[in-house]
Amino acid sequence: QERGVEEADRNEQLIAKIFQEVLGLNRIDIQDDFFGLGGNSLAAVQLFSKIEQITGRKLPLATLYEASTVKQLAKIINDQNWKAPWATLIEIQPGDSYPPLFLVHGAGGNVLIYRELANHLGSDQPVYGLQSKGLDGVNFYHTGIEEMAIDYLPEIKKVQPKGPYLLGGYCMGGTVALEMAQRLCEMGDQVAMLALFETYNFSQIKKRTIIEQIFYYFQKADFHWRNFWLLDKNGKRKFINEKIKVAGDRRKVWLGTITSKLGRHFEKLNGHATLSAAIWKANDQAALSYIPKVYPGRITQFLPIKDYK
């Protein structure tokens, strides 16, 4: 028993150190929450890649919904009998006051991106996320939007057998939600809401010329620069730190894209990042090859205030 306690303490120190490295913090308490410390889906990829490299345990990113503190994650690592449960449908926020909202993953495949949205909707709004098949590193991932919709519809019907349904998704996730809504309508089910968060008809997007790409990035740089000068001194410091952090988070995913092309040996060195990059690529290709049909219902599209041409 003493040995078990020592091992738990060692794992708590180990996870705390990984939290520090990934989140760029000097001090971490074992009760600190990953999201409360500023963690996001990109940082989660880094977190679980490091955990896998050091402990050999491969945990799904959705584990953070049930174990988001140092202590909780260390407890899972310490339990050799614990097996990562796999499910496409993830409960992001419980509740029974309203019909559930089902949100489909974006190109990255995970549903951690919807945590803040669920919080803003209120604790009495049940929210579920549909994550990409294959994130566990075991199942094959989908390669087509129609294939995703066919698999995801039975999952939401386990929670809500009949409509009206509330569906949504960010970017590519909105495309999948659209196809799901189409199929529900064909089956005679009612879709009360179809919310697309910055989703476009990817099949109609033309490839930019080099000049257009340069102009696009110039617009983005100008937009951020103007925002920067509107901030006070503390705001400017926070702005710079946030941009550095985001760049660091994305670096791991970019590295995963590279290592995924170099073979199985390199894949082991960069675990979750390589897997995420492969799923991201497959999802992007699925979105680009999908040709949507005319939808008979109403679509609510959420777009950023600033549109970069």
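The following legends describe close-up views of a predicted model.

**View 1. The largest cavity and its lining.**
A search of the whole structure returns one cavity of 30 Å³ or more. The volume of the largest cavity is about 30 Å³. Its lining consists of His105, Ser132, Lys133, Tyr141, His142, Met148, Tyr152 and Asn283. By residue class, this lining comprises three nonpolar, four polar and one charged residue.

Ile210, Ile211 and Ile214 make a nonpolar surface patch of about 360 Å². Isoleucine 211, one of these residues, belongs to helix α7, which spans residues 210-230. The relative accessible area of isoleucine 211 is 64%, and the residue is therefore classed as exposed, the cut-off for that class being over 50%.

**View 2. The salt bridge between glutamate 12 and lysine 71.**
Nine salt bridges are present in the structure. In one of them, glutamate 12 pairs with lysine 71, and the closest N and O atoms are 3.4 Å apart. Glutamate 12 has a relative accessible area of 12% and is buried, whereas lysine 71, with a value of 36%, is partly exposed.

**View 3. Isoleucine 15 in helix α1.**
Helix α1 also contains isoleucine 15. The relative accessibility of isoleucine 15 is 0%, so this residue counts as buried, a class that requires a value under 20%. Isoleucine 15 and isoleucine 54 are separated by 39 residues in sequence, and their C-alpha atoms are 9.9 Å apart in space.

**View 4. The salt bridge between arginine 115 and glutamate 116.**
A salt bridge joins the side chains of arginine 115 and glutamate 116, with an N to O distance of 3.5 Å. Arginine 115 counts as partly exposed, at 22% relative accessibility. Glutamate 116 is likewise partly exposed, with a relative accessible area of 46%.

**View 5. The salt bridge between lysine 293 and glutamate 186.**
The side chains of lysine 293 and glutamate 186 form a salt bridge with an N to O distance of 3.3 Å. Lysine 293 is situated in the loop between α10 (271-289) and β6 (300-302), and glutamate 186 in helix α6 (residues 172-186), so the pair ties together parts that are 107 residues apart in sequence. Glutamate 186 is exposed, and its relative accessible area is 56%.

**View 6. Proline 296 in the loop between α10 and β6.**
The loop between α10 and β6 includes proline 296. With a relative accessible area of 64%, proline 296 is exposed. Proline 296 and alanine 181 are 115 residues apart along the chain, and 9.5 Å separates their C-alpha atoms.

The peptide bond from glycine 163 to proline 164 adopts the cis form, with omega near 10 degrees. Proline 164 is placed in the loop between α5 (145-159) and β4 (165-170).

**View 7. Positive phi at cysteine 171.**
Cysteine 171 has a phi value near 55 degrees, which is positive in a residue other than glycine. The residue is located in the loop between β4 and α6. At 23% relative accessibility, cysteine 171 is counted as partly exposed.

**View 8. Positive phi at glutamate 198.**
Glutamate 198, a residue other than glycine, has a positive phi near 55 degrees. Its place is in the loop between β5 (191-197) and α7. The relative accessible area of glutamate 198 is 28%, and the residue is therefore classed as partly exposed.

Terms used. Residues are numbered from 1 along each chain as its sequence is written. This is a predicted model: local features need pLDDT of at least 70, side-chain atom pairs count only at pLDDT 80 or more; totals for chains, interfaces and linings use all residues. Side-chain values use heavy atoms; hydrogens and water are left out. On a 1 Å grid over the protein atoms alone, a cavity is a set of points where a 1.4 Å probe fits but cannot get out, and a pocket is an open set with protein on both sides within 12 Å along at least five of seven lines; lining residues have an atom within 4 Å of a point. Grid points are joined across faces, edges and corners, and a volume is the space filled by probe spheres set on the points. Ala, Val, Leu, Ile, Met, Phe, Trp, Tyr, Cys and Pro count as nonpolar, Asp, Glu, Lys and Arg as charged, and the others, Gly among them, as polar. Patches are made of residues with over 30% relative accessible area and no salt bridge: like charges are joined within 9 Å, nonpolar side chains (Val, Leu, Ile, Met, Phe, Trp, Tyr) within 5 Å. Accessible areas come from the Shrake-Rupley method with a 1.4 Å probe; for residues, only the protein chains shown count as cover. A salt bridge is a side-chain nitrogen of Lys or Arg within 4 Å of a carboxyl oxygen of Asp or Glu. Helices (H or I, at least four residues) and strands (E, at least two) are DSSP runs, numbered from the N terminus. Buried means under 20% relative accessible area, exposed over 50%, partly exposed in between (1.4 Å probe, protein chains only).
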